[in-house]
Amino acid sequence: MDTVDPGAQDANLLRLGRALQDTGYRFTTTSPATHARVNVRPGNEWAQGVEDVFGWSRPFRDGVLPAGLIELLQAAGQLRQHGEGWRSQVRASTLDELLFFHSAYPTTDSAAVFFGPDTCRFATAIERHLAAGQPVRRAVDIGCGAGPGALLIARARPGAEVVAVDINEQALRYTRVNAALAQTANVVALRSDLLAGVEGDFDLIVANPPYLLDRDERVYRHGGGGLGEGLSLAIAGLAGTRLSPGGTLLLYTGSAICGGVDGFRVLVMARLQATDLQWDYQEIDPDVFGEELLEPAYARADRIAAVLVTARRSGPTDGSTP
């Protein structure tokens with residue numbers, strides 16, 4: 001029986017990523033609902049090209065992918081037989097000029113690593129913050145997933161130490177491969193439940209945690225609490241104890257609005273008002289994951305909004321950008 005070598009598999013996944021980059025591969029990952037609707041259109045049952053295989057996660061027959069890509073996909077342990085053809089177990093999305101590996105659609109497994117429109121909005125919030133020039137010597141991306149938050153910070157602040165933490169080992173593997181693809185040597189991926197396994201303070205804490213109530217309690221979706229806000233509140237609480245002077249928390253998350261009341265805003269602001277932090281709360285998108293309103297857990301919800309919580313500890317800043 002062959003012994004699986006995760007290190008060798010990850011090295012081959014890295015080679016696959018570089019090969020895709022060399023082809024000029026581009027793919028913007030949609031929401032799960034949009035993905036499902038597009039894939040059921042007549043003619044989309046089987047992949048016709050590289051983007052169909054690695055972006056739309058469609059099964060493919062022999063001859064669709066160049067032999068070199070199939071060999072790397074197999075060597076990475078990410079090729080599975082599907083009827084008379086094959087299917088990739090990994091998906092590749094692009095954000096700006098960066099390529100990110102993450103879990104193939106559909107993300108039904110509890111340990112799946114998600115990447116989608118929320119990732120793009122999260123990235124925009126980080127890029128806007130960094131553009132203001134705040135110095136960052138040490139940063140952390142909590143619940144890093146495929147690593148987009150950590151990689152964006154590392155590229156913008158190459159002199160900073162950037163820590164990416166997650167409880168999902170598959171997420172950490174993807175983050176390490178994606179960091180190598182982006183040539184961000186200042187990213188360190190560590191297993192940690194929030195910040196329990198990481199010492200010290202941070203100039204920048206970013207997080208895009210799960211914020212839904214998921215009936216199967218899949219790790220990448222289920223936020224806990226009354227309406228999915230549990231993890232987000234826990235991360236907000238860390239701002240009061242783990243931010244350096246002048247440091248900032250950027251928490252991109254979601255809130256179920258019930259009867260016109262944003263319950264998460266009430267809860268998180270009460271928590272932040274008990275600290276010495278300056279804070280801001282912004283509704284980024286008024287209506288996301290509308291299909292979740294069909295679930296019993298959201299029987300009282302009018303909508304689910306994407307929100308950004310910003311909290312800053314006052315302190316000295318020299319305006320430099322290491």
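**Exercise 1. Sort the lining of the largest pocket by residue class, then find where the lining comes from.**

Step 1: Count the classes. There are 22 nonpolar, eight polar and five charged residues in this lining. Here Ala, Val, Leu, Ile, Met, Phe, Trp, Tyr, Cys and Pro count as nonpolar, Asp, Glu, Lys and Arg as charged, and the others, Gly among them, as polar.

Step 2: Know what you're looking at. This is a predicted model, where local features need pLDDT of at least 70 and side-chain atom pairs need 80 or more, while totals for chains, interfaces and linings use all residues. Residues are numbered from 1 along each chain as its sequence is written, and side-chain values use heavy atoms, leaving out hydrogens and water.

Step 3: On a 1 Å grid over the protein atoms alone, it is an open set of points where a 1.4 Å probe fits, with protein on both sides within 12 Å along at least five of seven lines; lining residues have an atom within 4 Å of a point.

Step 4: Look at the middle. Of the 35 lining residues, Gly143, Asn208, Pro209, Pro210 and Tyr220 lie nearest the centre.

Step 5: Trace the elements. Helix H5 (117-131) gives the largest share, three residues. Helices (H or I, at least four residues) and strands (E, at least two) are DSSP runs, numbered from the N terminus.

**Exercise 2. Work out which residues the side chain of Asp118 makes polar contacts with.**

Step 1: Asp118 is found in helix H5, and Asp118 is buried at 6% relative accessible area (buried means under 20%, with a 1.4 Å probe and protein chains only).

Step 2: List the neighbours. Skipping those within four places in sequence, Asp118 is in contact with Asn208, Tyr211, Tyr252 and Phe289 (contact means heavy atoms within 4.5 Å).

Step 3: Pick out the polar contacts. The Asp118 side chain pairs with the side chain of Tyr211 at 2.6 Å and with that of Tyr252 at 2.3 Å. A polar contact is a pair of N or O atoms within 3.5 Å; within protein, one must be able to donate a hydrogen and the other to accept it, and residues adjacent in sequence count only if both atoms are side-chain atoms.

**Exercise 3. Decide whether helix H7 is mostly covered or mostly open.**

Step 1: Count. In H7, 10 of the 14 residues are buried, so call H7 mostly covered.

Step 2: Find the partners. Those buried residues pack against several elements, including helix H1 (6-22) and strand E3 (90-95).

Step 3: Check the end. Just after H7, Gln183 has a positive phi of about 60 degrees.

How values were computed:
Buried means under 20% relative accessible area, exposed over 50%, partly exposed in between (1.4 Å probe, protein chains only).
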